[in-house]
Amino acid sequence: MPARRPVTVLLVRHGLTATTGTVLPGRAPGLHLSEAGRSEAEAAAARIGALGGVRAVYASPLERAAETAAPIARATGRRVRTVEGLNECDFGAWTGRKLAELRRLAAWRQVQHTPSAFRFPGGESFAEMQTRICDTLGQLAARHRGGAIVAVSHADPIKAAVAQAVGTPLDLFQRLVVSPCSVTVIAYGGDGPVVLTVNSTGDDLRTLRPG
């Protein structure tokens, strides 16, 4: 049986919004890209379009992800396919709260240092989020035989996927940085995932190749 050709998954965080860095928006509807975020999305699309051969573009159902995916789809000649599994973490009762307020909570330390044991009140646990995003990426990769696909998602799910791919404990995933409209690339093949880059914001993606 021939070896499975790696599928290169380009994980793109959505672009800037008016509340990035100040509010925990979660899955609340109605949050759109800012003007700067739209410019970031166009720049990411140009980088990804230069690759050639992108076989599909997938996105979280939230507006800011769909708006980031739209120029990527145009640049690659694909349509945006919405996938629920790429969604932001469900922050439950914390949705929409200011980060400055949340940082004063005793639970914030657990979020930063032992996230594997934390569940957002009325929402998802970090462990559930990691399982969801990793299962989703595995399923998307399995739809394609080689080549590259794009998955537009959110910072925490992308960081959790990287942590799983390199075997880093979930309690350390907060040490990763995933900036708005950055590209993180994981190749999924028969021998398991291989991380090619994390938080790339300006490099030529054509130089990345699975080993």
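A nonpolar core is a set of buried Ala, Val, Leu, Ile, Met, Phe, Trp, Tyr and Cys residues joined through side-chain atoms within 4.5 Å. Here, buried means under 20% relative accessible area, exposed means over 50%, and partly exposed is in between (1.4 Å probe, protein chains only). The model you're looking at is predicted, so to speak about local features we need pLDDT of at least 70, and side-chain atom pairs count only at pLDDT 80 or more, while totals for chains, interfaces and linings use all residues. Residues are numbered from 1 along each chain as its sequence is written, and side-chain values use heavy atoms, with hydrogens and water left out.

**The cores**

- The largest nonpolar core has 37 residues, and Val9, Leu11, Leu86, Trp94, Phe126 and Leu137 touch the most other members.
- Elements that give two or more residues to this core include strand S1 (7–13), helix H5 (126–142) and strand S5 (183–189); helices (H or I, at least four residues) and strands (E, at least two) are DSSP runs, numbered from the N terminus.
- Helix H5 gives the largest share of this core, seven residues.
- Another core, of 16 residues, lies apart from it, with Leu10, Ala59, Ile72 and Val183 among its members.
- As a rule, nonpolar side chains in soluble globular proteins tend to be buried together.
- Leucine 86 has contacts (heavy atoms within 4.5 Å) with residues including Tyr58, Arg132, Leu137 and His154, leaving out residues up to four places away in sequence.

**The largest pocket**

- On a 1 Å grid over the protein atoms alone, a pocket is an open set of points where a 1.4 Å probe fits, with protein on both sides within 12 Å along at least five of seven lines, and lining residues have an atom within 4 Å of a point.
- The largest pocket has a volume of about 590 Å³, a volume being the space filled by probe spheres set on the points.
- Of its 28 lining residues, Arg13, Leu24, Leu99, Ala155 and Asp156 are the closest to the centre.
- The lining splits into 15 nonpolar, seven polar and six charged residues; Ala, Val, Leu, Ile, Met, Phe, Trp, Tyr, Cys and Pro count as nonpolar, Asp, Glu, Lys and Arg as charged, and the others, Gly among them, as polar.
- H4 and H6 each supply at least two residues of this lining.

**Asp156 and Met129**

- Aspartate 156 is in helix H6, and it counts as buried because its relative accessible area is 14%.
- Methionine 129 sits in helix H5 and is buried too, at 0% relative accessibility.

**Asn87**

- You'll find asparagine 87 in the loop between strand S3 (80–82) and H3, buried at 4% relative accessibility.
- Its side chain makes a polar contact of 2.9 Å with the side chain of glutamate 84; a polar contact is a pair of N or O atoms within 3.5 Å, where within protein one must be able to donate a hydrogen and the other to accept it, and residues adjacent in sequence count only if both atoms are side-chain atoms.

**Positive phi**

- Most residues other than glycine have a negative phi.
- Cysteine 181, in the loop between H6 and S5, has a positive phi near 60°.
- Asparagine 199, in strand S6 (residues 192–200), has a positive phi of about 60°.
- Cysteine 181 is buried at 6%, whereas asparagine 199 is partly exposed at 21%.
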